[in-house]
Amino acid sequence: MTTVLLAAAFFTIGLYLTMRGGDQFVDAAARLAEASGIPRFVVGATLVSLCTTAPELTVSVLATLRGSTDLAVGNAVGSAACNTGLILGLSALLAPAAFQAREARTKGGLMLGATILLGCMAADGMLNPGEALGLLAVLFAFLAMNLQGAASGRPDASVRRFAPGERGRTIMQFVLGGAAVVLGAKLMVDHGVILARMLGVPESVIGLTLVALGTSLPELMTALAAIRRRESTLSAGNIVGANIIDLTLVLPASAAAGGGVLPVSTDTFLRDLPFTVTLMALAMLPPMFAGRLRRAQGALLLAVYGAYVYCLTRG
């Protein structure tokens, strides 16, 4: 019992460090990006998304290096499901986002396509080096699409001006936040695996629930901050970008950490990926034509995600 309590305590400390470090990391990244005058949707879908997926990347790579590949894959896929069902659902319910239908068709379509492509690749129970490179190609296409949009679009009028000394403090916050994410992720992986083994819970379920929710906290905090500031478009762009990065960067990086090959369980192929595709379709197909997320979509996303978590806990 003492060992379980210690493992739970260290897991909680890791969760807190990942949460707080991710929050500071994202806040500093957003302020640095705002100083460049880049449009907010592009900031949300690229730099902020790259920063908010740092916990997923760190946790999954460390888990793979420890031989816990089920936790690594569960974390990446579970984070995408959590981002879409829980965080985007909550955002749509509280503050529906309006954005260009063309953005929903291109970015949302790419997100759906990447998830379906991953499902096709996982059919044989393994992600091989060629397939990992294919996923990276999707990531590069997404980043190129956003950079092209930034180059052709007009910058935000409200370019941030740093006060004397603020730039240095922001950079220090960025570095320390990133370090906290790395340390917290290591604690979560090490002690999450211990808890799973001691309690008889499959590592994949730990990855799909506790770890996925923990590493998705930066996206959740970004969404809540965006709602407070009435910038729901930034949050929607962040979720779409984070999902694409989760599936096209985190998994290939984990495969590289595992020697080029990453096993994908049957449960992930038959249960987790279909649920994730369903959530993404519910979230993005209506905005592709209407140009906005609606509150009814948010309620439906939360309900479907709740059903998914129920299926996981029922085994």
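Me: Where is the place of Ala92, and what makes a run count as a helix?
Reply: Ala92 belongs to helix α5. A helix is a DSSP run of H or I with at least four residues, a strand is a run of E with at least two, and numbering starts at the N terminus. Please keep in mind that this is a predicted model, where local features need pLDDT of at least 70 and side-chain atom pairs count only at pLDDT 80 or more, while totals for chains, interfaces and linings use all residues. Residues are numbered from 1 along each chain as its sequence is written, and side-chain values use heavy atoms, with hydrogens and water left out.

Me: Why is Ala92 called buried?
Reply: The relative accessible area of Ala92 is 1%. Buried means under 20%, exposed over 50% and partly exposed in between, with a 1.4 Å probe and protein chains only, so Ala92 is buried.

Me: Which residues is Ala92 in contact with, leaving aside its neighbours within four places in sequence?
Reply: Contact asks for heavy atoms within 4.5 Å, and with those neighbours left aside, Ala92 has Leu293, Arg294, Arg295 and Gly298 as partners. For Gly298, 206 residues away along the chain, the C-alpha atoms are separated by 4.7 Å.

Me: Where is Ala223 found, and what makes this residue buried?
Reply: Helix α10 holds Ala223. With a relative accessible area of 1%, Ala223 counts as buried. Its C-alpha atom and that of Ala236, 13 residues apart along the chain, are separated by 7.9 Å.

Me: How many residues are in the largest nonpolar core, and which touch the most other members?
Reply: A nonpolar core joins buried Ala, Val, Leu, Ile, Met, Phe, Trp, Tyr and Cys residues through side-chain atoms within 4.5 Å. The largest one here has 47 residues, and Leu118, Leu127, Leu247, Leu251 and Met284 touch the most other members. Two or more residues come from each of α5 (69-94), α6 (101-121), α7 (129-152), α10 (217-228), α11, α12 (266-290) and α13 (295-314). The biggest share is from α5, with 9 residues. Another core of 14 residues lies apart from it, including Val59, Ala63, Met188 and Ile206.

Me: Why is the pair of Arg271 and Asp272 called a salt bridge?
Reply: In general, side chains of opposite charge can pair when their charged atoms come close. Lys and Arg count as positive and Asp and Glu as negative, with His and the chain ends not counted. A salt bridge needs a side-chain nitrogen of Lys or Arg within 4 Å of a carboxyl oxygen of Asp or Glu; at 2.7 Å from N to O, Arg271 and Asp272 qualify. The structure holds 1 salt bridge. Arg271 is buried at 18% relative accessibility, and Asp272 is buried at 1%.

Me: How do you know that Asp246 has no salt bridge?
Reply: The nearest side chain of opposite charge is Arg271, 16 Å away, and the limit is passed, so no bridge forms by this criterion.

Me: Why is the aromatic pair of Phe275 and Tyr308 called tilted?
Reply: Rings of Phe, Tyr and Trp (its six-membered ring) pair if their centres lie within 6.5 Å; planes under 30 degrees apart are stacked, over 60 edge-to-face, and the rest tilted. Phe275 and Tyr308 have centres 4.9 Å apart and planes at 40°, so the pair is tilted. Since Phe275 lies in helix α12 and Tyr308 in helix α13, the pair ties together parts 33 residues apart in sequence.

Me: What makes the pair of Tyr305 and Tyr308 tilted?
Reply: Their ring centres are 6.2 Å apart and their planes stand at 55°, so this pair is tilted. The two tyrosines are 3 residues apart in helix α13, about one helical turn. A search of the whole structure finds 2 aromatic pairs, and ring pairs link Phe275, Tyr305 and Tyr308 into a cluster.

Me: Why does Phe275 count as partly exposed, and Tyr308 as buried?
Reply: Phe275 has 21% relative accessibility and counts as partly exposed. Tyr308, at 0%, counts as buried, and Tyr305 is buried as well.
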